[in-house]
Amino acid sequence: MIYPVIVEVTLREGIADPEGATIERALPALGFTGVTNVRAGKSFRFDVDAQDEASALAQATAMAERLLSNPVIENATARSGASR
Amino acid sequence: MTRIGVVVFPGSNCEYDAAAAVSQLGATAEFVWHSATDLSDFDGIILPGGFAHGDYLRPGALARFSPVMEVVARFAEQGGAVLGICNGFQVLTEAGLLPGALQKNRGLTFLCQPTTLIVESTKSVLTRLATRGQELRIPINHFSGAYTCDDATYAALEANDQIVLRYKENPNGSRGDIAGVANMAGNVVGLMPHPERAMSTLLGSADGRVLLESFLSVPVSAG
């Protein structure tokens, strides 16, 4: 079966995020005054051919740890990309 | 050391400067394509600046899986001298050969300017001929040069004398003003500034010479 997967990569807690900070400073100028804790990141969407969804997600997590994120500064989470 | 391999990834762009600097100091430099799997012809290895594999994903993230990196890791493990300049530093951190990571500059601007560096340790292959506290005028040219690591790593870097160079005035938000670090043994060094672009007073500064002279003065390892 083909399972769509989404991997999200964000900077770890405590790691400075200059992009998120810049976005947060820009928002009030557009009238969005109540926004805090902006963190910028990346998302990856792909399909995995696997036995079941758990195995697809396990593969995506392994990819996230080895390539899609740098564990020194980033966290990664994998979830199903199927729209329900 | 007389034979230096300069690794070229698709997207490297400082390999000619690095090779010219090495030749200027009397050693020979040879380009090594990133698919190479044999470094036995070389006494030392330089990973030059540029944008290996387009810097896609993260600087160094794809380059660390180039075939040559497996032999660079073995070369380093056997005590061989390895120097990563700018993008080369980013590749070495991604490959886990140096601790920490390089993040986007504070201020999110590409920085291309002269900086003043302070030699913090002379225990590395890059600084063995320099003097502790010596100030060096060397340019930077990067977007992702803010050195980052967790508290435990930073404490270990300080305790083991692995912080090789610091900026006198922090240009990019680097933790602890760090411009360059070494591995525990001191044979693998990475730095964001470009010593190969500071080889002549006519072109602004010759302060890069002592660093590259240090690198070339390393005795050839038995490995």
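A search of the whole structure, which is a predicted model, finds 12 salt bridges over all chains; a salt bridge is a side-chain nitrogen of Lys or Arg within 4 Å of a carboxyl oxygen of Asp or Glu. Side chains of opposite charge can pair when their charged atoms come close. A:Glu74, B:Arg58 and B:Glu94 are linked in a network of such bridges. The largest pocket has a volume of about 640 Å³.

Residues are numbered from 1 along each chain as its sequence is written, chains are lettered from A and ligands numbered from 1 in the order in which they are written. In this predicted model local features need pLDDT of at least 70, side-chain atom pairs count only at pLDDT 80 or more, and totals for chains, interfaces and linings use all residues, while side-chain values use heavy atoms, with hydrogens and water left out.

**Salt bridges**

- A:Arg79 forms a salt bridge with A:Glu8, with 2.9 Å between the closest N and O atoms. A:Arg79 lies in strand β3 (residues 74–80) of chain A and A:Glu8 in strand β1 of chain A, so the pair ties together parts that are 71 residues apart in sequence. Helices (H or I, at least four residues) and strands (E, at least two) are DSSP runs, numbered from the N terminus.
- A:Arg79 is partly exposed at 41% relative accessible area, and A:Glu8 is partly exposed at 33%. Buried means under 20% relative accessible area, exposed over 50%, and partly exposed in between (1.4 Å probe, protein chains only).
- B:Glu94 and B:Arg58 meet through their side chains in a salt bridge of 2.8 Å, N to O. B:Glu94 belongs to helix α3 of chain B and B:Arg58 to the loop between β3 (44–47) and α2 (68–77) of chain B, so the pair ties together parts that are 36 residues apart in sequence.
- B:Glu94 counts as buried because its relative accessibility is 9%; B:Arg58 counts as buried at 7%.
- B:Arg209 and B:Glu213 form a salt bridge through their side chains at 3.8 Å, N to O. These residues are four apart in helix α5 (residues 209–216) of chain B, so about one helical turn separates B:Arg209 and B:Glu213.
- B:Arg209 is partly exposed at 26% relative accessible area, as is B:Glu213 at 32%.

**Largest pocket**

- The volume of about 640 Å³ is the space filled by probe spheres set on grid points, which are joined across faces, edges and corners.
- On a 1 Å grid over the protein atoms alone, a pocket is an open set of points where a 1.4 Å probe fits, with protein on both sides within 12 Å along at least five of seven lines; lining residues have an atom within 4 Å of a point.
- Of the 37 residues that line the largest pocket, the closest to its centre are B:Arg58, B:Pro59, B:Leu102, B:Lys104 and B:Ser144.
- The largest share of the lining, four residues, comes from α3(B).

**A:Glu19 in helix α1**

- A:Glu19 is found in helix α1 of chain A and is partly exposed, with a relative accessible area of 34%.
- Leaving aside neighbours within four places in sequence, A:Glu19 is in contact (heavy atoms within 4.5 Å) with A:Ala40, B:Lys104 and B:Leu108.
- A:Glu19 and A:Ile6 are 13 residues apart in sequence and 22 Å apart in space, C-alpha to C-alpha.
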